[in-house]
Amino acid sequence: MKAVSFRQQLPIENPESLIDVVIDKPKPEPHDLLVQVRAISVNPVDTKIRKGSGPGQPSGELKILGWDAAGVVEEIGSDVTLFKPGDEVYYAGSVDRPGSYAEFQTVDERIVGKKPGSIDFADAAAMPLTTITAWELLFDRFSLPISSSTQGTLLIIGGAGGVGSIAIQLAKKLTGLKVIATASRPETVEWCRKMGADEVIDHRQPLGAQVKKLVPGGANYVLALTKTEDHFDEIIEAMAPEGAIGLIENLARPLDINKLKPKSLSFHWEFMFGRSRPQSAKISEQGRLLNKVSELIDADQIRSTAVTHLGLIDAKNLRQAHALVESGRAFGKVVLSGYQGDV
């Protein structure tokens, strides 16, 4: 089968940083689906692992990246009960296994959702990793009830990114929270509003004063999705007492968490790959939440966050996708679909 791999950590401008290869089709283990991958999206974790950082790397001499896919089930393992061949699915996969930059991928059925029927494979592939991350932050880490009566203010720093784009939508559709997003360019401000943000402020300016102008008592919840070290003091200033902060990024430098004490603020880490490992007692939660979001998409309550489609899945186009993600100029999600020669 065709795949895109890397053998060494190189700048994305180097044509050897990602290469086209032909490898054997994988065989499903008992709980696995063998999925024919129709579309993928690129996340920051892809670029971090390619450069030698991030949460882990797939095993084997050839390293296959990619943790977002939509496709069709071709074969099932002996213990599979949730899907059958021919089913259309979407999922984020596991960072401990080979990724989705390949024509076929094996994935544990318990972290797979039914693909929304109302959107195409590319739009579906944009969703899983960021949706799981945002959902777990809001409803697991913060323990927010899914109810229109859930009140308060949510501040999302980096609202136009992949996680921010879906977090805005989930908060607006499933809670009664007021959502303030941050963005710094006209196109990203417009995107945040399109996703449903009530207010958009500039994260290049002090956050505290901007938030307090809109909500004098401060934000009750903060999703600190980017450059938390740079914004940390302003985040605390912008928050109401007894609020909660959620983080997803590895920190470049330590934070002084003693600063949280005067307001009794709580601090929450989110790592969506933690549940995709077989030893997790809650591994099936990811499949269930993807099914819920699929229903929301088909009911026209949530929309895909795909923005940039870079064409076929090959090394050249994936190098372009990685370069765009690394530039910090992308918003929403970057997707690719199909292989050369597909009918």
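What is the order of the six strands in the open sheet? Reading across, the order goes β10-β9-β8-β11-β12-β13, and the pairing is parallel. Keep in mind that this is a predicted model.

**The open sheet**
- β10 (199-201) and β13 (266-269) sit at the edges with a single partner strand each, so one side of each has no neighbour in the sheet.
- Going from one strand to the next, the twist averages 20 degrees.
- Let's zoom in on one pair: β8 (residues 153-157) and β9 (residues 178-182) run parallel and are joined by four bridges.
- Within that pair, you'll find Ile156 opposite Ala181 in β9.

**Helix α5**
- This helix covers residues 186-195, and its buried residues are Thr188, Trp191, Cys192 and Met195.
- Look down the axis of α5 and those buried residues fall within an arc of 100 degrees, so they line one face of the helix.
- What about the face turned away from the buried side? That face of α5 carries Pro186, Glu190 and Lys194, which are exposed.

**Strand β6 and its partner**
- β6 (residues 104-108) is mostly covered, with five of its five residues buried.
- Phe104, Thr106 and Asp108 point one way from β6, while Gln105 and Val107 point the other way; all are buried.
- Strand β3 (residues 32-42) runs antiparallel to β6, and five bridges join the two.
- Across from Val107 in β6 stands Leu33.

**The second largest pocket**
- This pocket holds about 180 Å³ of space.

**The cavity**
- How many cavities of 30 Å³ or more are there? The count comes to one.
- The largest cavity has a volume of about 30 Å³.
- Gly93, Ser94, Arg97, Pro98, Gln105, Thr106 and Val107 line the largest cavity.
- By class, that lining splits into two nonpolar, four polar and one charged.

Technical notes. Residues are numbered from 1 along each chain as its sequence is written. This is a predicted model: local features need pLDDT of at least 70, side-chain atom pairs count only at pLDDT 80 or more; totals for chains, interfaces and linings use all residues. Side-chain values use heavy atoms; hydrogens and water are left out. Two strands pair if DSSP finds at least two bridges between them. Axes are lines fitted to C-alpha atoms, for helices over the stretch in contact, and angles run from 0 to 180 degrees between N-to-C directions. On a 1 Å grid over the protein atoms alone, a cavity is a set of points where a 1.4 Å probe fits but cannot get out, and a pocket is an open set with protein on both sides within 12 Å along at least five of seven lines; lining residues have an atom within 4 Å of a point. Grid points are joined across faces, edges and corners, and a volume is the space filled by probe spheres set on the points. Buried means under 20% relative accessible area, exposed over 50%, partly exposed in between (1.4 Å probe, protein chains only). The arc is that of the directions from the helix axis to the C-beta atoms. Ala, Val, Leu, Ile, Met, Phe, Trp, Tyr, Cys and Pro count as nonpolar, Asp, Glu, Lys and Arg as charged, and the others, Gly among them, as polar.
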